[in-house]
Amino acid sequence: RAANDKPCYEITLGGLIGGHSGVDINKGRLNANKLMGELLSAVKIPFNIVSVAGGAKDNVITRECKCIIATDRYSGDFCDCIISKKPASEPDLFIEVKAVDTSDTVFDSESTERIVALINELPYGIIKMSPDIDGLVQTSLNLGVLKCEDCSAFASFGVRSSVGADKTQLLECLKAICDKFSGEFNEYGHYPAWEYRKNSPLRDVMENVYSDTFGKKPQIEIIHAGLECGLFASKISDFDAVSIGPDLYDIHTARERLSVSSTKSLYEYILRSLERL
């Protein structure tokens with residue numbers, strides 16, 4: 001940190017759709033943390049970062065990021081670089097800049113440059129699509145939490161893959177970036193890969209029960225998301241499972257909601273499936 005006497009401004013980049021980092025990662029939704037890196041790279045005036053804060057959970061596509069900077073040459077128009085290329089997928093994207101109380105300390109010039117470089121170098125989004133299943137994301141990651149305060153920068157990712165080797169390779173990539181910036185790298189909360197089984201007797205039974213119960217065929221999908229079935233599959237050989245649930249909407253956003261009627265139908269469906277088994 002360095003002493004500071006320059007005016008400070010808070011940049012808020014928000015209004016993004018966000019969503020679930022597994023289910024929605026292929027929908028072209030922007031991540032506010034990554035977008036803040038783009039914005040800071042495009043700023044042409046000298047500035048120092050005071051703090052950066054975006055996101056609260058690593059499995060949520062970040063909707064808003066705030067950055068406080070110190071500069072004595074603020075001109076009021078450096079955000080145009082982001083707003084001018086606003087994609088159709090993010091119609092409510094906005095950037096606000098307001099004066100805030102002057103901070104006594106800031107990241108010095110070298111540290112500010114390293115923080116901006118780090119944010120821009122960190123990967124985000126789809127890394128690999130499935131070669132076997134059309135339209136299925138195989139490997140991805142999400143920069144869910146970004147914090148730069150005191151004398152440190154912190155980034156937290158949700159890393160997903162249906163192939164264990166791909167996930168290991170992606171973690172090694174993150175570790176290499178961390179080493180480049182002289183950081184510490186930690187892993188936690190692993191979801192083992194749950195690979196698709198072409199032959200599933202359980203799935204066949206539940207498909208038949210669904211058709212008999214509701215008079216139509218179920219929609220069977222392979223999704224790119226961490227499911228508890230993977231934990232069981234990693235411990236039990238020849239594990240056969242399906243994952244089911246009620247209708248959920250806008251998962252991992254402030255708009256998340258559950259269909260009560262579908263929950264009742266799910267309960268009845270489970271009872272009939274158990275009878276058939």
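Two strands pair if DSSP finds at least two bridges between them. Helices (H or I, at least four residues) and strands (E, at least two) are DSSP runs, numbered from the N terminus. The model is predicted: local features need pLDDT of at least 70, side-chain atom pairs count only at pLDDT 80 or more, and totals for chains, interfaces and linings use all residues. Residues are numbered from 1 along each chain as its sequence is written, and side-chain values use heavy atoms, with hydrogens and water left out.

**View 1. The β10–β11 hairpin.** Strands β10 (residues 137–149) and β11 (residues 152–161) are antiparallel partners, joined over 10 bridges. K147 has F154 of β11 as its bridge partner. The two strands form a hairpin with 2 residues between them. In the turn, D150 has a positive phi of about 50°.

**View 2. Helix α1 against helix α3.** Helix α1 (residues 32–42) packs on helix α3 (residues 109–121) at an angle of about 130°, with the axes 8 Å apart. Axes are lines fitted to C-alpha atoms, for helices over the stretch in contact; angles run from 0 to 180 degrees between N-to-C directions. α1 and α3 are therefore oblique to each other. Angles under 35 degrees count as roughly parallel, over 145 as roughly antiparallel, 65 to 115 as roughly perpendicular, and the rest as oblique. The α1–α3 crossing is left-handed. A crossing is left-handed if the near helix is turned anticlockwise from the far one by less than a right angle, and right-handed if clockwise. From α1, N33, K34, G37, E38, L40 and S41 meet V116, I119, N120 and E121 of α3. Contact means heavy atoms within 4.5 Å. By class, this contact of α1 with α3 has 3 nonpolar, 4 polar and 3 charged residues. Ala, Val, Leu, Ile, Met, Phe, Trp, Tyr, Cys and Pro count as nonpolar, Asp, Glu, Lys and Arg as charged, and the others, Gly among them, as polar.

**View 3. Helix α5 across helix α7.** The axes of α5 (residues 201–214) and α7 (residues 260–276) come within 10 Å and cross at roughly 125°. That makes α5 oblique to α7. The crossing is right-handed. Residues of α5 in the contact include V205, M206, Y210 and F214; those of α7 include Y269 and R272. By class, the contact of α5 with α7 has 6 nonpolar, 4 polar and 4 charged residues.

View 4. The side chains of K175 and D179 form a salt bridge (3.3 Å, N to O). A salt bridge is a side-chain nitrogen of Lys or Arg within 4 Å of a carboxyl oxygen of Asp or Glu. K175 and D179, 4 residues apart in α4 (residues 164–180), are separated by about one helical turn. The structure holds 12 salt bridges.
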